[in-house]
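I opened this notebook to keep track of what I looked up.

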Amino acid sequence: MKFAHIADVHLGYEQYNQPWRAGDFANSFRAIAEKAVEKGVDFVIIAGDLFHRSVPSPRTIKEAIETLWIFRKENIPVFAVEGNHDKTSRDISAYHLLESIGMLNVLGLRKKRVEGENIRPEKVQNVYLVKGFVEDVEIVGDRHRSRWQLEKVIPLLKPEGDRSILVLHQAVKEVVDIDLDMAYELTINDLPDASYYAFGHIHLPKIYEFNGKFIVYPGSVDRYDLKEASHIIRYKSDFTVREGIKKGFVVVRNFRPDFVEIKTRDVYDVEIEAENLEELERKFVDVLGRVSRDGMLVAKLRCPDAANVRKLNDMALKNLRYAEVRFDRIVEEVEEIAIQAESEFFSDFELKLLDLLKGEIDEREVYDFVIEHYLKPEEGRVEVGGEVLVAEQEKAEGGDVGAKVEKAEKVQEDGVKVKRPKTLLDFFGGE
């Protein structure tokens, strides 16, 4: 027993507002269909989001029919569930249109009884659960549901046969927690027992094994956003490039998955940082010389100088099918502004004191520095309690700290108080 597991086809998706990108997604779906037939699969599962929108255009429906006909003419049944992108609140969707002309079979809870060569309805309360069957393999599934809906629906989706497949378009916590930052609707403990779990909704290919069984996400058939880039380029001090996400589908033989890659248009995720505009442009030209002319590029550039983004974008478009350049200026003046602010609010003494308090503090050095500043008269001036006192034509002479304090107190009694601007230290401390 062998089947193809496909998900997140997104037919009709004009990525970056480029109509030709919808053609790329259609071509990827067709390439998968041809590869699946070549692999000799017995049936096909599409785990949601066959279309990018719930009301696809006539052109998009035509593209779907043309590719599904590849399976139909080989008598390969196709089973599908609606995803969050293409489900509708109405009783009839584009899926049901395709079902009416024999292109696929829609799984899940239905208001009306539906029966065919490979599907049978099962009465569940006041609705019908439509299941798929290929020989002794039972295929159970349902459309995308919210988390609170799933609490009621999941208990109804328990397969009855020994060889079974559960098809859902949902996120399972244990899988998305690995390296994805996204919400989930289910945990492994919520899932009914099945031989294989054919999932959609996550666009990165994931094969998660537990207790000898597999929860599998084939990923989207083409590169849906920048997280799915084919190449990640970083050019700062050194140039580095690594491969990104692979695109394709899964061929399952006896419930064991095997990912099959297909070729898609290259998408480059680029980040460049330079010390000046000349270096930035040189690095950017270097990168453009390494990319495919049919590819797509999204670049984030940074340097201290101002840059002409339109010029950079035009440079990229001469080498690529699509380019989007984003520029961030590195502001080096921030540190200078901070230093000016310190000079404005702190006296020289306070700045030096703050410097002494950084890192490992030598308490004795700090203490001596403060005592010397406040108790050592300079040209007849002594600072005590935040005021400047003018001594009576004398300077403090040597002696111990106690003598200096006593001398300062006498100066405070006999001297003339001269007001000075308060500093930040005047507002610190206790009584």
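The entries below go through salt bridges and then pockets.

**Entry 1, ground rules.** I am working with a predicted model, in which local features need pLDDT of at least 70, side-chain atom pairs count only at pLDDT 80 or more, and totals for chains, interfaces and linings use all residues. Residues are numbered from 1 along each chain as its sequence is written, and side-chain values use heavy atoms, with hydrogens and water left out.

I searched the whole structure and got 25 salt bridges (a side-chain nitrogen of Lys or Arg within 4 Å of a carboxyl oxygen of Asp or Glu).

I looked up Asp 24 and found it paired with Arg 21, with 2.8 Å between the closest N and O atoms. Both lie in helix H1 (residues 19-38), three residues apart, or about one turn of the helix. Helices (H or I, at least four residues) and strands (E, at least two) are DSSP runs, numbered from the N terminus. Asp 24 and Arg 21 are both buried; buried means under 20% relative accessible area, exposed over 50%, and partly exposed in between (1.4 Å probe, protein chains only). I also noted a network of salt bridges that links Arg 21, Asp 24, Asp 222 and Arg 265.

Next I took Glu 228, which forms a salt bridge with Lys 247 at 2.7 Å between the closest N and O atoms. Glu 228 lies in the loop between strands E12 (213-217) and E13 (231-235) and Lys 247 in the loop between strands E14 (239-243) and E15 (248-253), so the pair ties together parts 19 residues apart in sequence. Glu 228 is buried at 2% relative accessible area, and Lys 247 is buried at 0%.

For Lys 263 I found a salt bridge with Asp 266, the closest N and O atoms being 3.4 Å apart. Lys 263 is exposed at 67%, while Asp 266 counts as buried at 15%.

The largest pocket is lined by 27 residues; Asp 91, Leu 109, Arg 110, Lys 111 and Arg 143 lie nearest its centre. Helix H4 (147-153) is among the elements that each supply at least two lining residues, and H4 gives the most, with four.

For the second largest pocket, helix H2 (residues 58-72) gives the most to the lining, with three residues.

Key
On a 1 Å grid over the protein atoms alone, a cavity is a set of points where a 1.4 Å probe fits but cannot get out, and a pocket is an open set with protein on both sides within 12 Å along at least five of seven lines; lining residues have an atom within 4 Å of a point.
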